[in-house]
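Please look at the structure first.

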Amino acid sequence: MNHIVLIGAIALLPTTTVFAQIASAPLIVVEDRGGDSALPYYQSLNPQPDQATPPAPMPAPRVGNAADAEAAMLPVRSTQLSPGEVQRRVIRAPGLTALFLVGDDERSRAWLRQRQAALRELQAVGLVVNVESMAALTALRRLAPGLTLSPVSGDDLAQRLGLRHYPVLITSTGVEQ
């Protein structure tokens, strides 16, 4: 009985060697586009500490509030927009939420005072496209209580809508002052 097992094991030895050689054959690279090594992405998965380089210290996350984040965005300057006359025109932008562009200038302040009730009724969102400081932004907000006024560069929007001046109201159907 032992002889049969021994002969069987010897007979299977070449087959096992063939499978081992196939399993350890080098990989065939189908496509290599080069680029950066992916090693940094995998190093964080390695539970073994690397003795050669100490881990870089992680900066502590800065805790702040929304006002601090907003103040960090200031000053906002939109180089493609300035206070001036805007000609009324029709646009087709279905689904666009009403929005308006203002700046920290006398023309925008007067426009806000005059139009604030209509802007509230439209639930329009205000983008302050030129403002220097948090104090100036706060003063604009006091002129139009109940309206959202956020400091944002308006250059991209100006380019897309062909705008050069503000204050302006933009709705899904038109651009008007």
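Strands β4 and β5 (residues 148–151) run parallel and are joined by 4 bridges; two strands pair if DSSP finds at least two bridges between them. Helices (H or I, at least four residues) and strands (E, at least two) are DSSP runs, numbered from the N terminus. This is a predicted model, in which local features need pLDDT of at least 70 and side-chain atom pairs count only at pLDDT 80 or more, while totals for chains, interfaces and linings use all residues. Residues are numbered from 1 along each chain as its sequence is written, and side-chain values use heavy atoms, leaving out hydrogens and water.

**Strand pairing**
- Val128 has Pro151 in β5 as its bridge partner.
- On the path from β4 to β5 the chain passes through helix α5 (residues 134–143), and this β-α-β crossover is right-handed (with the strands pointing away from the viewer, the path from the first strand over the helix to the second runs clockwise).
- Strand β3 (residues 99–103) also runs parallel to β4, with 5 bridges between them.
- Phe100 stands opposite Gly126 in β4.
- A right-handed β-α-β unit is formed by β3, helix α4 (residues 106–122) and β4.

**Burial**
- In β4 (residues 125–130), 5 of the 6 residues are buried (under 20% relative accessible area, with a 1.4 Å probe and protein chains only).
- Asn130 lies in β4 and counts as buried because its relative accessibility is 18%.

**Surroundings of Asn130**
- Leaving aside neighbours within four places in sequence, Asn130 is in contact (heavy atoms within 4.5 Å) with residues including Val76, Leu81, Val102 and Tyr166.
- A polar atom of the Asn130 side chain lies 3.5 Å from the backbone oxygen of Leu81.

Conventions: Buried < 20%, exposed > 50% of the residue type's maximum accessible area, 1.4 Å probe, protein only. Polar contact = N/O pair within 3.5 Å; in protein donor to acceptor, adjacent residues only side chain to side chain.
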